[in-house]
Every structure is written in structure tokens, then in C-alpha cells.
Amino acid sequence: MQMNSEFRERQPIGVKNLSVALTRHRLECRQDRTDFLKHGHTTWLPLVRKIKQQISTDPTLITEYPHILGIPEFTRRATQLALGKDSPAIVESRVFGIQTVGCTGAVCLGAELLRSCYCSSSSWSGPILLSSPCDDSLAGTFKAAGIEDVQYYRYWDAESNGVCVENMVHDLENAPEQCVVVLFASGHRPTGAELSQEDWKRVAEVMKRQLFAFFLMSAQGLCSGSLEQDAWPVRHCVSLGLELLCAQSFSHNFGLYGERVGHLLCVLKQNLLAVQSQAEKLVQTLWSCPPMEGARVVATVLNLIPSFTSALVCLGKEPPLFKKITFSFSITQCNSQQVDFLVQKKHIYLLPNGCLNVSAINSRNLDYVAESIHQALSSKL
Amino acid sequence: MSIFGEVPQAAPVAVFKLTADFREDQNPSKVNLGVGAYRTDEGQPWVLPVVRKVEKMIADDHSLNHEYLPILGLPEFRSSSSKIALGEDSPAIKDNRVGAVQCLGGTGALKIGAEFLRRWYNGTDNTKTPVYVSAPTWENHNAVFSNAGFEDIRPYKYWDAGKRGLDLEGFLGDLESAPDHSIFVLHACAHNPTGTDPTQDQWKQIADVMKRKSLFAFFDSAYQGFASGNLDKDAWAVRYFVSQGFELFCAQSFSKNFGLYNERVGNLTVVAKDQDNLNRVLSQMEKIVRITWSNPPSQGARLVAITLNTPELFAEWKDNVKTMADRVLLMRAQLKEKLKALGTPGTWEHITEQIGMFSFTGLNPKQVEYLVKEKHIYLMASGRINMCGLTTKNIDYVAESIHEAVTTVQ
């Protein structure tokens with residue numbers, strides 16, 4: 001087994017959660033470092049803790065192998081959460097859901113499903129269109145599934161400091177037919193920048209032209225504070241009669257990062273059972289069946305939606321500093337030298353592309369972070 | 001018109017279809033001898049007492065959070081799991097050349113190992129490297145390796161239906177004729193589905209050939225402790241290979257021996273020549289994990305780690321495991337006795353000679369069909385039965401039914 005290695009003890013840079021990347025930060029001893037460790041804990045929803053305790057003492061709950069596609073109550077609720085209870089797709093039984101190992105697992109499974117089932121071909125290999133920029137592991141996930149032809153549509157526009165929907169629509173209009181397009185329904189990574197509903201209407205019109213939508217919805221409820229609003233792009237496409245996949249994460253909105261709770265939603269026009277059977281075959285080769293604990297918690301909570309919604313509104317509060325952010329991640333406009341300055345001189349750890357996790361900012365470090373970013377942007381480095 | 005309009009219906013997984021049919025069956029005498037999960041003498045799933053205890057500890061521990069685990073998993077889980085497989089005093093562990101990846105059950109461990117081997121084992125493209133799986137084997141082995149990109153998956157002789165035991169000569173013959181550097185998937189103990197393991201002496205012969213031909217040993221260890229009731233005894237084969245200097249993978253599952261089927265607790269133990277090689281291997285495995293499930297679920301791994309690292313809990317767990325193994329041994333002994341008492345034609349020694357959850361009864365497909373349709377006893381078409389499905393209440397009925405099947409159906 002001979003190869004070169006970049007292996008080091010710490011996490012690679014592309015990690016999702018800033019507080020995990022702070023492992024390296026812990027080695028530092030400066031007194032005036034931004035004290036994320038003491039005050040930047042992830043938040044427990046009290047409801048989640050209570051439910052976990054209930055689960056641990058419930059004698060009727062057993063540890064048997066679950067269904068390959070996951071806990072039925074969980075997939076039912078996750079589907080309703082994304083599409084709305086009265087969605088035509090649900091009413092017409094044109095949708096099925098699969099419990100997956102986090103959002104990554106959902107994307108991985110969706111990629112495998114597309115490769116084996118899309119376009120009546122036993123080996124469709126692309127193209128798949130990702131946003132520019134996007135999470136660096138996405139392309140790798142699709143390529144590992146055998147979808148080699150990965151291309152990009154323009155999304156973030158540095159000059160206008162936002163999404164340029166004109167560019168995006170132009171690129172989609174010029175994409176080959178039957179291309180699969182990855183769209184971000186809530187919490188775009190890494191920019192945190194969202195499309196308006198009017199923008200989405202334009203995008204959906206283009207998608208009707210023989211493009212297939214693969215939505216990523218990583219933070220439903222945490223962007224606008226409304227579960228319905230954050231899911232609007234998906235629901236709008238469904239209302240237009242489009243078939244689509246949607247990968248949902250319950251890491252952020254439940255704070256259940258470590259439990260790997262994800263869901264892959266499949267909205268089809270027909271042949272549901274056959275596609276479901278193919279998905280089962282694929283799950284068998286990935287993880288056989290998904291882990292229970294986190295999904296049990298989520299299923300229980302989703303049965304109590306009103307209390308959950310108000311708990312989410314508490315989590316969704318953002319500091320006033322950034323106006324354009326919707327959820328955790330935001331682009332700071334810092335270039336690589338400026339990012340380097342922040343990391344090396346100010347001990348503020350953010351991603352090399354200038355993207356940072358806003359939820360790691362709190363009342364104690366807010367001034368320090370703001371002043372440091374100001375320094376980075378205004379000094380000659 | 002749907003873009004998925006031409007997708008064919010895939011055949012259901014046989015063992016789950018069997019359970020589904022069993023559930024629908026209204027007959028009061030029905031018995032499920034299909035899926036490989038432990039049952040008590042009341043025919044119920046069993047949450048190990050130590051598991052209940054530790055689950056509660058975890059839920060009440062306010063210092064724990066739900067942060068993402070590292071990509072390779074919970075460190076204390078990985079190291080303690082590898083120790084379970086290789087032994088507390090393993091020289092390989094002392095030499096710092098053992099590492100591990102926490103995975104989604106045994107399936108996930110096989111998956112990550114397979115993906116790694118396809119990319120990096122012998123050159124950078126192993127799609128054509130032969131992968132050998134036993135004939136028969138767990139039905140999912142083929143699919144996992146195939147989906148990882150291996151194009152040449154072959155059977156190696158294993159089960160001798162005539163003598164109802166290991167076909168050692170055939171096995172060694174296939175090892176000899178395999179191209180050098182082929183990959184062999186070996187069952188560490190309690191072979192699924194036959195329940196037939198090589199003896200220590202036979203393992204030595206197998207290891208000899210594998211070493212000479214540089215064949216890669218990929219152990220699948222899903223029943224450690226469950227087979228004989230003794231963790232060390234069940235790990236003998238893996239440890240022997242390590243002592244012979246093999247670099248190898250061992251995909252461990254804690255589904256059966258912890259009863260944690262639905263929390264997906266697995267560990268891929270990697271034994272390399274030295275620490276430098278180990279580190280580079282793990283770094284590449286990390287990249288594969290990242291694009292598959294990003295990082296593994298914490299609940300089950302935490303539970304296992306706490307249990308393995310706390311002496312009283314560890315002792316309690318070993319005791320729970322022995323309880324399960326002992327019940328299986330009892331059912332084996334009783335089934336054999338009853339068949340002998342009934343005078344059922346054929347030899348039934350293999351029922352107590354075989355080990356672990358499963359027994360390859362030797363019943364042919366017609367006899368199996370008879371049992372399923374006429375007697376409402378559900379078993380795999382291969383004649384495999386899950387001994388855990390037997391209880392003191394149903395064992396007479398099952399023995400009589402097998403007797404009927406053997407004497408009336410050819």
C-alpha cells in the first residue's frame with residue numbers, strides 16, 4: 001500500500017463546524033484569544049435532551065434492525081416537513097423518503113440513485129451542475145458515485161456581494177438537457193446567500209426545460225425562522241409538477257450533529273415502487289440500514305411541531321453585524337491574505353475562502369471579531 | 001412521462017422478505033428462523049442489561065454534547081474496539097501499527113475497506129483485482145464489493161454439502177490457483193451462513209498459502225464473543241494472521257454481540273507494517289468517509305466505548321454475551337437430541353459441530369418450501385436456520401416438522 005499522505009492529527013479545513021476546527025486553536029495560549037471554547041458551545045434544545053432521556057428509559061423500545069429505508073414515522077414526518085402535509089405529491093402518493101446518515105449520506109445515496117436510475121440508463125455519468133462556489137466535498141461525492149462530468153453554474157457574484165440570478169439563469173438555460181442541477185433551498189454553503197421567491201420562480205421555469213433538480217436543504221427553519229418559507233423553493237418546484245430529489249439535514253435545526261440524521265426525499269411522476277426498490281439495493285451496499293437514535297428524537301419532536309417552531313425561532317437569532325446572512329455561514333469578503341492575517345495574527349479561525357460560521361460569534365467576542373475584520377479589510381497587507 | 005419510467009423493480013432482499021412473510025402469517029404455530037438477530041427464550045429481541053444501563057448514563061450526562069465526531073470516529077471507541085479484536089497485549093498495537101475507522105455497522109466497515117482497496121491496494125486502479133468470497137457467503141458481500149467498483153468477484157470453495165462441513169481441499173486449491181495479490185474475504189468466526197469454521201490447524205494452512213502468494217486478508221468479524229461465548233477464542237484466526245506478519249483489515253460489527261443492531265456500530269481495524277504506512281492509509285480512508293457519510297453517528301459508539309473501557313461494565317457485557325451464546329448452544333444440543341430421538345434420517349452432528357447463530361441444516365429447497373408453506377416455519381432457501389429463533393416452546397414442533405420434511409419430501 002504505497003501512496004503519499006497529507007494526513008495530520010487535526011481536522012481538514014473543509015469541516016462544517018467552526019468549533020471543531022478550533023482543535024488547533026486549543027494549542028494556543030494567548031490570553032486575549034477569542035474565547036470560543038468557554039462560551040461557544042453548541043446549543044441543546046431542552047426538548048431534545050428530554051426526549052433522549054425518555055428514549056433511554058423506555059422499556060418498549062428495542063434495538064432490532066430497522067427497515068432499510070429507516071423509521072417510517074421519521075420519513076413520513078421529514079417528508080411532510082419539506083413538502084407540507086397537503087402537498088399534491090404526498091396526496092397523490094408520488095413521493096417516498098429514505099432516512100440517511102446525515103445530509104452527506106443523503107447526497108451520496110442520491111448520487112448513486114441518479115447514476116443507476118436516471119434517464120433510463122444503467123450508467124448515467126453527468127453532467128451535474130453545482131453552484132460556484134460550493135462545499136468542496138460535493139464534487140467528490142458525485143465523482144465517487146461515478147458521475148464524472150461535474151460542471152458549475154455561477155451563483156455568488158463578488159462584485160455585487162450577493163447572488164447574481166441573471167448569471168445563474170443564463171448558465172442553466174445553456175446547460176445540456178437532462179442535466180442534474182444541485183440547488184440550495186436553505187443555507188447555501190459557503191456563502192449563506194439566498195435567492196428571493198421571485199428569483200426561484202425564474203429558476204424553476206428554466207428547470208421545467210428538462211433539467212432535474214437535486215435540492216440540498218441543510219437548515220430548514222433556521223434561515224428565515226420559518227419552516228415553510230425555507231422550504232418554499234422545493235414546494236414551488238413540486239407544485240409545477242417537477243420530479244426532484246431533496247437531501248435534508250437535521251444536524252443544524254436539531255443540534256444533532258453527531259447523530260447523523262438525514263433524509264433523502266424523492267418526488268416522482270410514476271414508477272415509485274421500482275425506484276424505491278433500487279434505492280433499497282443501494283442502501284444495502286452503503287450502510288445496510290440507518291442509525292436509530294437521532295431519527296427517533298427527530299420523529300418524536302416533529303410530532304410536536306408547534307413547540308419546535310418556537311424553539312427554532314430562538315436559535316435563529318443573529319447578531320446585527322451581518323445584514324446579508326441567512327444562517328450560519330457568511331462570506332466576509334476577505335481575500336486569502338486577509339484570512340491569513342485573521343488566523344495568524346488575530347487567532348480568529350475561518351475558512352480559507354473567507355467564509356465563517358456566524359453562530360460561533362457571541363456577545364463576548366463580537367467586538368473583537370468586528371474590529372479584527374475591519375483591520376483585515378482596511379490595512380495594507 | 002417520468003424520467004424514472006424505465007427503472008426495473010429490484011428483487012427484495014431475501015432475508016427481509018422472509019421476515020415480512022412471517023409477520024403476515026396468521027398461523028399461531030409460526031416460527032421465524034430467518035433473519036440473523038438474537039431472540040430470548042420468549043422469542044423476543046433482547047436489549048442487553050448493560051446496554052440499558054449505559055444508555056441511561058449517556059442520556060443523564062450533561063457534559064456530553066451532540067457535536068460532530070471526528071471523521072474517523074470516536075477515538076476511544078476505535079482503540080478499544082481494535083483491542084477487542086487483536087487482544088489487549090497485541091504486539092501490533094504496541095508497535096503503533098494498528099488503527100481504525102468507526103463505520104456504519106459491519107456493512108459500513110466493509111464498504112470503506114472495499115473503497116480503499118479499489119483505489120489504493122495494488123496500484124491505483126484495482127477494478128480488475130479479483131475479490132474472492134466464500135461459497136456460500138453473506139449475500140451482501142458481493143454487492144458491497146461490486147458497488148465499490150470491483151469487477152471480478154469470484155467464489156472460493158468452502159462448504160462441502162456432501163459431508164456437511166468445510167471443503168478444506170477445495171479452499172486451499174482455490175487459494176493456490178488465485179492470482180497473486182488477490183483479495184480474500186474471510187469470516188473471522190461463526191461463518192455466515194454455514195456456521196462452519198476452519199480449525200486452528202486449518203487456519204494455519206490457509207495462512208501459509210496466503211502468505212506465500214501475497215493474498216490480502218479482509219476479515220469480516222460480526223460474531224466475536226457470540227460464537228463460543230469467549231471473546232479471545234473467537235478472535236484466534238485474526239490474531240494468528242497478525243502474528244504471522246500479515247497486513248490486514250478486519251471489519252468488526254457490534255450489532256450482534258451488543259444487540260445494537262439499529263445504532264450501526266462498526267469498526268474497520270487496519271493492521272499495517274508500520275506507523276508511517278498506517279497513517280497514510282488512514283488519511284486516504286478519511287477522504288473516502290468524508291464523501292460517504294462525512295462522520296459517523298455517536299450514540300452506539302459512545303455506548304460501546306464506555307462499556308469496553310469501564311471494568312465493571314466490561315465484565316457485565318461479557319456475561320451478557322455469554323448468556324446469548326449459551327442459549328444458542330443449548331438450542332443446538334436440544335435440536336440434535338430431538339432429531340436423533342425421532343430417528344430422523346441422516347446425520348445431525350453438524351448441528352452441534354457448527355458454531356454461532358446459524359446452522360446449515362442440509363435441507364434441500366423442496367424440503368425448505370414444505371417447512372415454510374405447510375408448517376409455517378420460515379427459513380432461508382439455502383437451508384440456513386437462525387438457532388436464536390428456537391425456544392423451549394417451539395423446539396418440539398420444529399424438530400417434528402424437520403423430521404416430516406426429511407421423511408416425506410425428497
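**Entry 1: a strand pair in chain A**

I began with one residue pair: A:Ile98 has A:Leu264 in β9(A) as its bridge partner. The model I am reading is predicted, so I kept to its limits: local features need pLDDT of at least 70, side-chain atom pairs count only at pLDDT 80 or more, and totals for chains, interfaces and linings use all residues. Residues are numbered from 1 along each chain as its sequence is written, chains are lettered from A and ligands numbered from 1 in the order in which they are written, and side-chain values use heavy atoms, with hydrogens and water left out.

I noted the terms for strands. Helices (H or I, at least four residues) and strands (E, at least two) are DSSP runs, numbered from the N terminus. Two strands count as paired if DSSP finds at least two bridges between them.

I then looked up how β1(A) and β9(A), residues 261-267, run, and found them antiparallel, joined by 7 bridges.

**Entry 2: the sheet of chain A**

Between β2(A) and β3(A) the chain passes through helix α7(A), residues 136-144, in a right-handed β-α-β crossover. Right-handed here means that, with the strands pointing away from the viewer, the path from the first strand over the helix to the second runs clockwise.

Contact means heavy atoms within 4.5 Å.

**Entry 3: β3 of chain B**

In chain B I looked at strand β3(B), residues 131-135. Is β3(B) mostly covered or uncovered? It is mostly covered, with 4 of its 5 residues buried. Buried is under 20% relative accessible area, exposed is over 50%, and partly exposed lies in between (1.4 Å probe, protein chains only).

β3(B) runs parallel to β4(B), residues 153-157, over 5 bridges, and B:Val131 stands opposite B:Ile153. Together with helix α6(B), residues 140-147, these two strands make a right-handed β-α-β unit. β3(B) also runs parallel to β7(B), residues 183-187, over 2 bridges; there B:Tyr132 stands opposite B:Phe184.

**Entry 4: where the chains meet**

I turned to the contact between the chains, which takes 72 residues from chain B and 80 from chain A. About 6,700 Å² is buried between them, 56% of it on carbon and sulfur atoms. Buried area is the accessible area (1.4 Å probe) that two parts lose on being put together, summed over both. In chain B, the residues that lose the most area to chain A are B:Phe4, B:His66 and B:Tyr68, together 14% of what that side buries.

How many salt bridges cross this interface? The rule finds 1, and A:Asp135 and B:Arg290 meet in a salt bridge at 3.9 Å, N to O. The rule asks for a side-chain nitrogen of Lys or Arg within 4 Å of a carboxyl oxygen of Asp or Glu.

**Entry 5: salt bridges within helices**

Over all chains the count is 34 salt bridges. I looked up three of them.

- A:Arg76 and A:Glu73 have their closest N and O atoms 3.3 Å apart. They are 3 residues apart in helix α4(A), residues 72-83, about one helical turn. A:Arg76 is partly exposed at 41%, and A:Glu73 is partly exposed at 26%.
- B:Arg118 and B:Glu115 come to 3.2 Å, being 3 residues apart in helix α5(B), residues 105-120. B:Arg118 is buried at 18%, and B:Glu115 is buried at 6%. With B:Lys111 and B:Arg119 they are linked in a network of salt bridges.
- B:Lys373 and B:Glu369 meet at 3.3 Å, being 4 residues apart in helix α15(B), residues 365-375. B:Lys373 is exposed at 56%, whereas B:Glu369 is partly exposed at 44%.
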